[in-house]
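Hi everyone, thanks for coming. Let me put the model on the screen, and then we'll walk through a few spots together.

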Amino acid sequence: MSDTSSSAVAEEPGHPEPGSVARLSFEARPPLQARTVSARVSLRTRLREIVGARELLVFLVRKELKVKYKGSVLGLLWSMLNPAVTLLVYYVVFKYFLKASAPSFALYLFSGMIVWNFFLTALIGAASTIVANAGIVKKVSFPREILALAQIGTSGMFFLFQSVVLVIFLVGFQYTPAWGWMPLIPFALVDLLLFTSALAIFLSAVNVYLRDIEHLVAVLLNAWFWGVPIIYSFNQVYGHKSLHWLGELYLFDPMTVIILTFQRAIYGKVSYRTYDAATHTFKTTVWLANYPYHFYLFMLGCVLVASVLLLLGAMLVFGRIEGNFAEEL
C-alpha cells in the first residue's frame, strides 16, 4: 500500500522574477523528484534507510535539546543540576530522616533511577512524537521511525548527564563500585537501547490510531516502576518466603534484569551487617541479587535476543500501518 500524500517534492532551484510565473511552461520546469514511502518495504531496506538518515536523527536530537532549554540561562546545565539536587535530597532524607538500613542508600537508589528515567522519558516522548510532528510527517518523506529514535537519543543525552552526576557523587563520597562487574554495563546499555527502541517505535505508530495510548503509557509506566526493584531491593521480594515465586517472575522483566546489573556494578554491596543493640549481635542482610557473574551474562543475553525480536516486530508493525498516517493525522 503506498502513501502518496507523504511524497516529497524537490524544491525548484532559484526563484522566477515577479510576473514571470505565468510565462513558465510546465515543460520548462525541472522534473519533479518524488519518493513514495511504501508500507511493504523489507526490513533490510527500512534499516538501511534509518542508518542513512542518521544526520537527520542527530539534527532532531539537537532540536529537542534546544527547544527544551530555549530561553534558559543555564541551558544544558539544568540537566546536571536537577539530578544532582535530587541525589542530594535522597541522601539527606534516607540517611537522616528515614534511617535507611542499607549503607549509602541514595547511591543504590540513584543507580537504578537513572536507568528508569531514561526508559520513562524515552517512551513518554516517543508515544506522541508522530502526532506532535504531524506537519512534517504529512509533507516530507523520511523514515518516520527516526522521530521515535530521536526521543531515545534525547533521553540518552540526559542519561549521560545524570551519569556524570553519579560519578561525581561516587568520587565525592569516596564510594568504590564493583569494578569487576563493570564490563556488564555495556551489555546492559545495549539491551536497554534495543528494548526501549522496540517499545518506542511500536507505541509511536499505534498512538496515531489510538490517541489514548500516550495517556495509557504514562499510567502503565507508573505501575511498572513499582514492579521493578528500585525503591526496594530485589532480595526483599525474592528472599521473602511467600513472595519467592514473584522474585522468579521478576526476572522475566527485561527492565529488572538491566537495573539489577547496574545496581550490581555501581552499588556493588550484595550484603551488609548491622548491629542489634538488643541482642548485642550482628545481623547480615542480603540486599542485592546474589547471582554469579555468568548468570547476569546469561540473563542479559536472553534480554538481548528478546529485544532484537521485539525491535524487528515493532518495525514490521510500523511499516504495516504507517501508510495511512497522513489520513489519520
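Let's start with this: is Thr-256 buried or exposed? Thr-256 is buried, at a relative accessible area of 0%; buried means under 20%, exposed over 50% and partly exposed in between, using a 1.4 Å probe and protein chains only. A quick word on the source: this is a predicted model, where local features need pLDDT of at least 70, side-chain atom pairs count only at pLDDT 80 or more, and totals for chains, interfaces and linings use all residues. Residues are numbered from 1 along each chain as its sequence is written, and side-chain values use heavy atoms, with hydrogens and water left out.

Back to Thr-256, which sits in helix H12, residues 254–267. Helices here are DSSP runs of H or I with at least four residues, numbered from the N terminus. Leaving aside residues up to four places away in sequence, Thr-256 touches Gly-227, Val-228, Pro-229 and Tyr-250, where contact means heavy atoms within 4.5 Å.

Next, a helix pair. H8 (residues 184–209) packs with H9 (residues 213–226) at an angle of about 145 degrees, the axes being 10 Å apart. Those axes are lines fitted to C-alpha atoms over the stretch in contact, and angles run from 0 to 180 degrees between N-to-C directions. On the H8 side we have Phe-195, Leu-199, Leu-203, Val-206 and Asn-207, meeting Ile-213, Glu-214, Val-217 and Trp-224 of H9.

Finally, some backbone. Most residues other than glycine have a negative phi. Ser-104, not a glycine, has a positive phi of about 50 degrees, and lies in the loop between H3 and H4. Ser-104 is partly exposed, at 33%.

Methods:
Helix = DSSP H or I, 4+ residues; strand = E, 2+ residues; numbered from the N terminus.
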